[in-house]
Amino acid sequence: MSAGLRSGQVAEAAGVSVQTLRYYERRGLLAEPERSNGGHRLYGEDAVVALRVIKAAQRLGFTLEEVAELLEAGHHRHGRPVAGLQNRAAAKLAEVDAKIFDLATIRTALAAAVEAGCDDLTDCASMPCCPIPFTDLAEENRHAGPCC
């Protein structure tokens, strides 16, 4: 094969490192490329597209294992619609929504701690007005007095 892109060219075009490219090959996310007469890896343009798809899926929160499953499902659909992406995207959306809810709860607690002027976690946790949610754990150490 005389035409094709070398590892560095593919990696640069896809915005990844050569190590990432080889790692994805080892994980089976990319097909093993053909080799030149000199033994150099030679990739087609489809490798650049595949790498971009993998990175985009990762940015959407999919793990490499999930990406592999999505790619595998896509290879086996043979022109038929596959619900794999829809189902997995809906599940990932629910996961993201749960994380957003958790982060909002954490944010509220941290904002309350900042507003209360808490400087020492142990001291604050022993105050009855401590805004940190785990104050019940320190209930026996509570005492009356000004907050934080």
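Which helices each supply at least two residues of the lining of the largest pocket? They are α3 (45-59) and α4 (64-75), where a helix is a DSSP run of H or I of at least four residues, numbered from the N terminus.

## Basis

This is a predicted model, in which local features need pLDDT of at least 70 and side-chain atom pairs pLDDT 80 or more, while totals for chains, interfaces and linings use all residues. Residues are numbered from 1 along each chain as its sequence is written, and side-chain values use heavy atoms, without hydrogens and water.

## Largest pocket

The largest pocket holds about 440 Å³ of space. A pocket here is an open set of points on a 1 Å grid over the protein atoms alone, where a 1.4 Å probe fits, with protein on both sides within 12 Å along at least five of seven lines. Lining residues have an atom within 4 Å of a point.

Of the 21 lining residues, L29, L30, A31, D46 and A50 are the closest to the pocket centre. Helix α4 gives the largest share of the lining, six residues.

## E25

E25 sits in helix α2 (residues 18-27). E25 is buried, at 13% relative accessible area (buried is under 20%, exposed over 50%, partly exposed in between, with a 1.4 Å probe and protein chains only).

Leaving aside neighbours within four places in sequence, E25 is in contact with L30, A31, P33, R41 and Y43 (heavy atoms within 4.5 Å).

## V53

V53 belongs to helix α3 and is partly exposed, at 42% relative accessibility. Its C-alpha atom is separated by 9.3 Å from that of L71, 18 residues apart along the chain.

Definitions and conventions
Grid points are joined across faces, edges and corners, and a volume is the space filled by probe spheres set on the points.
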